[in-house]
Amino acid sequence: MDLFSGIALGLDVAITSEALLFCLIGVSVGMFIGVLPGIGPLAAVAMTLPITYHLEPMSALIMLAGIFYGAQYGGSTASILLNLPGTSTTAVTALDGYPMTKQGRAGVALFITTITSFTGGCFAIILVMSFAPALGQMALKFSSAEYFSIMLLGLVAAATMSLGSPSKGMIAVIAGLLLSTVGMDPTSGTIRYSFGVLELQDGLNLVAMAMGLFGVAELLKNADKPRELTPQKVRLRELIPTRKDLRECWKPTVRGSFVGSFIGILPGAGPTLAAFLAYAFEKRVSKRPERFGRGAIEGISAPEAANNASTQAAFIPTLALGIPGDAGMAVLLGAMMMHGITPRPEFFTTNADLFWGLVVSFWVGNLMLLVLNIPLIGLWVRILTVPQRLLFPAILFFICIGVYSVSNSPFDVMTVIVFGIVGYLMNAYGYPPAPMLMGFILGPMLEQHFRRALLFSRGDIMTFVERPISAVFLALTLALVASLAIPGFFARRRARLAED
Amino acid sequence: MKRPGGNRQEVAAGLAWVAIGLGAIVIAGNYAFGSITRMGPGFVPILLGLLLMVFGAIGAWQGRRAPEVSLDLRWRPFVFIMGGIVVWVLLVDEVGFVPSTVALVVISAQAEREITWLETLLLAAGMTLVGYLIFIRGIGIPIAAFGS
C-alpha cells in the first residue's frame, strides 16, 4: 500500500466522530497530566488503561497514544513557569525556559515550545508513515535470532543510556526479566516462582507494577513536601514572539527534529535522552554558547522539537517489530496486547486500517494540542495552582480503583503496594525503575526467541553471529557494554551533560 | 563525598541484589534445566540469576566509592499513603465502594499536614461520586456501593 492510499484509509478511520472524541479526550488528559509535576505519561497511561478495556481497540489506542504524546506538550509548561519539570523529558527545557520567565518572557517561551513541539511531532509522523511499513517488510525475514539480538540491544541501551549508573540500569533490567518469569512457562507449562500463591500463577500484573513503580513511588517521594507554586499569570498578548525570536528558533527546531527522530527510532533510547542530546548539540553549534542557561530561545526550541519527534518516531520500532523504545512505549505496547493487537511485521498488511488510522490520529491529535494549547494557556497555568494536598488523594483513589478493575482482583492492589515500596527504594538508591519495567514487558518474548533460536540451530550458539543482521545488533550491544568498561568515556560525557 | 571507608548503603544494596540472584537460582533448581537445544523452564531463570549476581557484585564494588545515599524516609507519607491503600483493599469487598473510598481519601489525605478537615470531607465526597459514576455506573465493575 503506498503512502497516499494509506493516508486516505487512515483519514476514513480517524475522522469519525468517535475517533475524534477519544483523540480529544486522550490529548486533553495527556496535556493535564503533563502539566502536573510528578505524574508522568507512564502512570497516566497505566491509570487510564482499565477504562479503555470497554472501548473498541481503535478508539482505545487513539486515546492512549494521545495521552502519551499530549503529556510531552504539557510537560514544558511547569518547566518554563516553575523550573519544575512536569515530566522528565522536559527537564532540559527548564534550563533556558525558566530564565525566560524571570525576564518576563514566559508567554513567548510557551508559544515557541508549542510551535516547535508541533513541528517536531509532525516531522516524525511523516517518518513513521514512510518507514514503519518498510521496516515491517524487512522484518518479515527476521527469525528468532534477529528478534533476540534486537531486544537485547534495546534492553542494554535502556539500561546504559539512562542518566544514572549503567551497572544499576543493568541490574534493573535483569530484575525486570526475572520478574517476567513469574507464572506459567508457556513452553513447558511449569509454574515458576509462584511461592504457592494462586494469583502469582498467572504472573504479575503489568498495570499494577507500573502504578506501583511510577504512581505510588512518586507520591511517596513528593507528599508532605511544601512547594512554592505561584506561577505568574500569562496573557494572550504576551505570547507573540518577535521576528528575531522566530529567526533564531527555526534552525534549532529543524535540527532538534532530526536528533529526536533518530533517537526515537533506536530501541531503548527515549525522549529524555533526545532532549538532552539536542540541547548539547545546539550549544555546540551555537556561535554564542554563553547565552545558554540565560534564556536562549534555541535552548527551548531544540529540546522541545526533539522530545516530541522522539515520542512519535518511537512508534516505528514499536509498531514494526513490537519492540518499544522506552518504558512509556512499553506500557503502550502492553496495552495493545491486552486489546489483542500484537504489533509485528504483518501488522501493516493485516491491520492496515488500524495502523493508518492510528498514524493519522497522531496528526489530528497534534493539531488539537496546538489549538488547545495556545488560546487556553491561562487554563493550563491555573492547573498548576491546584494544591498537591487535594491532588494526591485523588490520584491514589484512581490508582486503587483502576488496578482493581483490571481483573477485579484485590491481589493486584496489594502488588501496587509492594512495587510502590520497591520503586521508592530504587529511587532512593539511584536504581532507575524504567528499565525494570522494560525488562518485565520484553522478558517473555526475549526468553521465547532465545529458546526457539537455539532449538532451530540445534544448540549452536553461533547462530546469533552467523546471521548478519543479528550479528550487527549484537556488535552494537557489545560496543555499548564495552563503553561501560571504559569508565572515562561515560564519565566525561555525563560530566558534560551535567554542566550543560 | 568520597570517604576511604566507602559507602555502606550502596555496598549493601549491591549485595542485596547478589542475594536475590542467588535465591532465584536456588528456587529455579527445582525446575527442569534441560539442555541448550531444548531448554527447560529452569534454564533462563538460572542464567538471569547468575547475571544478577555478577552485576550486583559490580554494583557493590562501585558502591565503595559512591557518594552517600540520602534516604529521607519520612514516615508520614509512607504510613498514610500505604495505609490508605491497604484499608481500601481490605474494606472494598466487605462493606462496599462508598465507605472504603471515603476511608481511603480520609486516611491518605493525612499524608499532607496542611489539609483541613473541610477539604478532606469535600474531597472524599467528590471522589466517591466521580468514582461511582465512572466505574460502577459507567464501566460496571462488580463492586456494591454499600455492603458486600
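Biologist: Is A:C400 buried or exposed, and what is its relative accessible area?

Modeller: This is a predicted model, and everything I say is computed from it. A residue counts as buried when its relative accessible area is under 20%. A:C400 falls under that cut-off and is therefore buried, its relative accessible area being 1%.

Biologist: Which residue of chain B touches A:C400?

Modeller: Leaving aside residues up to four places away in sequence, the residue in question touches A:C400, A:I401, A:Y404 and A:V413 in chain A, and B:S100, B:T101 and B:L104 in chain B. It is also listed, with A:V216, A:F355, A:L358 and A:L437, among those that touch the most other members of the 190-residue largest nonpolar core. Helix α6 (residues 106-139) of chain A gives the most to this core, with 14 residues.

Biologist: How far from A:C249 is the nearest cysteine sulfur?

Modeller: A search of the whole structure finds zero disulfides over all chains. A disulfide requires two cysteine sulfur atoms within 2.5 Å, and A:C249, which is buried with a relative accessible area of 7%, is in no disulfide. The nearest cysteine sulfur belongs to A:C122, and its distance is 15 Å.

Biologist: What span should helix α11 of chain A have, at 1.5 Å a residue?

Modeller: Helix α11 covers residues 271-285 of chain A, which makes 15 residues. The expected span is 1.5 Å times one less than the number of residues.

Biologist: Which element gives the most residues to the lining of the second largest pocket?

Modeller: That pocket has a volume of about 1,100 Å³, and of its 48 lining residues the closest to its centre are A:M337, A:F440, A:I441, A:P444 and A:M445. The elements of chain A that give two or more residues to the lining include α14 (327-338), α19 (410-429) and α20 (433-456). With nine residues, the element that gives the most is α20(A).

Biologist: What distance separates the C-alpha atoms of A:S470 and A:F148?

Modeller: A:S470 lies in helix α22 (residues 468-485) of chain A and is buried, with a relative accessible area of 0%. Not counting residues up to four places away in sequence, A:S470 touches A:A145, A:E146, A:S149 and A:F464. Although A:S470 and A:F148 are 322 residues apart along the chain, their C-alpha atoms are separated by 8.0 Å.

Note on methods: Residues are numbered from 1 along each chain as its sequence is written. Chains are lettered from A and ligands numbered from 1 in the order in which they are written. This is a predicted model: local features need pLDDT of at least 70, side-chain atom pairs count only at pLDDT 80 or more; totals for chains, interfaces and linings use all residues. Side-chain values use heavy atoms; hydrogens and water are left out. Helices (H or I, at least four residues) and strands (E, at least two) are DSSP runs, numbered from the N terminus. Buried means under 20% relative accessible area, exposed over 50%, partly exposed in between (1.4 Å probe, protein chains only). A nonpolar core is a set of buried Ala, Val, Leu, Ile, Met, Phe, Trp, Tyr and Cys residues joined through side-chain atoms within 4.5 Å. Contact means heavy atoms within 4.5 Å. On a 1 Å grid over the protein atoms alone, a cavity is a set of points where a 1.4 Å probe fits but cannot get out, and a pocket is an open set with protein on both sides within 12 Å along at least five of seven lines; lining residues have an atom within 4 Å of a point. Grid points are joined across faces, edges and corners, and a volume is the space filled by probe spheres set on the points.
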